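Open the model in your viewer and follow the stops below in order. Each stop names a selection and then says what is there.

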Amino acid sequence: MSITAIKGFNDILPTESDRWQYIEQAARRVFELNGFSEIRVPVMEKTELFCRSIGDATDIVEKEMYTFTDKGENSVTLRPEGTAGVMRAFIEHKLYALDPVAKLYYLGPMFRYERPQKGRYRQFHQIGAEITGVNSPLADAQVLNMLVHFFREIGLDEPSLQINSLGCPDCRPAYRAALVAFLEERLGSLCEDCRRRFTTNPLRVLDCKVPGCIEATVGAPSVLDHLCGGCAEHFAGVRGYLDSTATPYSINHRMVRGLDYYTRTTFELVTGLLGSQSAVAAGGRYDGLISQLGGPAIPGIGFAIGFERVALLLGDKDFSRQPDLFIATMGAGERDFAFRLMHDLLNAGVRVEMEYEGKSLKSQMRRADKLGARYSVVIGGNEVASGKAAIKRMKDGEQIEVPLKSEDIRNMLA
Ligand code: HAM
């Protein structure tokens, strides 16, 4: 029996990778415009890093990590997300000594042992961005505007921005107590997972998708009513800056996020087009994370975009790159000529294809059509002798005679 890929791990085939590159290039363009630089960190880290940052009582750490013992008896984990590793590197290389304000972006595979379904995989890819060292809500608003800009750049305006504030270590305990008191009276209606969460991580009950839990928590206290003065002012600041740039958003006070490092602002870009996997991007502020990982008290905020979900949202649009020119040839001698011409054209930056084997002219033209070439040219003895050929525009058959020189052809195709 032939060997297949691991469940939940996907191959990105050439047709699909054109779409991925389109997404990736748009992200790089928008992030770099905003002053972000790429950081590349390992896909595997010490397990302890994720326990300390994401939190021991989260679904990710409790149930979803690919953790194993390596040959040196060390517990290692395939990264389930990017923020922890990036902040580990930020601290380890003392990037803050240069400038505490760092704008970093990253992309690559992440791993979570979840139940695979459309839009949810065990190896998935994120494009993330993080900004450190800014307490001002201006950073929150810039990061959010950058995220919205990215979606506009790739032609998607459907995902809508939802924001919330989860408060800080000063005000969250009071909210947690109010929520626990509310949930205590409804414990019987909660699912088994939520009864466990009730003691380990009660805020996560608000995120449960089980209909009974959703119903039981209607009317739960809102975290926004429990923010301390500083957190309320910060949240008002974020909203004010978003309003000032006419960035549309709604407030979702039930958004709690699945990672423990968040403080204050959290957000998601949500779509109605992908069923239950509705978050295409998400993030928030993590003012305590860097110090929690042994670094200085430097705040941070960022997000990660789910590559696969964005690719799904782009639908059937064709992102393949068609050749500018297809060179068809009449015989072996002309093929040698065409090969040299192709070489010159490629070096001049023209996307060219030619027929490699001695196929009939008809089959060569079928291939030009199949590849979606914009123009084609047939090179026979006359063309080689005269050094000129008629280049045909495929969409309407119009022909223009051009010298068979890379410069002339390139100018004609431009
Ligand atoms: P997250 O909400 O866990 O946040 O993931 C961010 C995005 O990754 C999700 O909105 C979703 O689009 C995508 N995603 C997550 N799990 C899967 C999966 N199993 N299959 C496909 N796509 C998935 C984080 O990871 C944080 N590190 C974001 C962040 C950065 N917060 C601050 N900075």
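Which polar backbone atom is 3.3 Å from a nitrogen atom of the ligand? Select Gly 302: a polar atom of its backbone is at that distance, 3.3 Å, from a ligand nitrogen. This is a polar contact, a pair of N or O atoms within 3.5 Å. The model is predicted, with local features needing pLDDT of at least 70 and side-chain atom pairs pLDDT 80 or more, while totals for chains, interfaces and linings use all residues. Residues are numbered from 1 along each chain as its sequence is written, and side-chain values use heavy atoms, without hydrogens and water.

Next, select Arg 112, where a polar side-chain atom lies 2.8 Å from an oxygen atom of the ligand. Then go to Glu 130: an N or O atom of its side chain is 2.9 Å from a ligand nitrogen. The ligand on its own has 660 Å² of accessible area (Shrake-Rupley method, 1.4 Å probe), and the protein covers 96% of the 660 Å².

Finally, show the whole chain. Its C-alpha trace spans about 90 × 55 × 45 Å along the principal axes. Of its 414 residues, 49% are buried, meaning under 20% relative accessible area (1.4 Å probe, protein chains only).

Key. Polar contact = N/O pair within 3.5 Å; in protein donor to acceptor, adjacent residues only side chain to side chain. Buried < 20%, exposed > 50% of the residue type's maximum accessible area, 1.4 Å probe, protein only.
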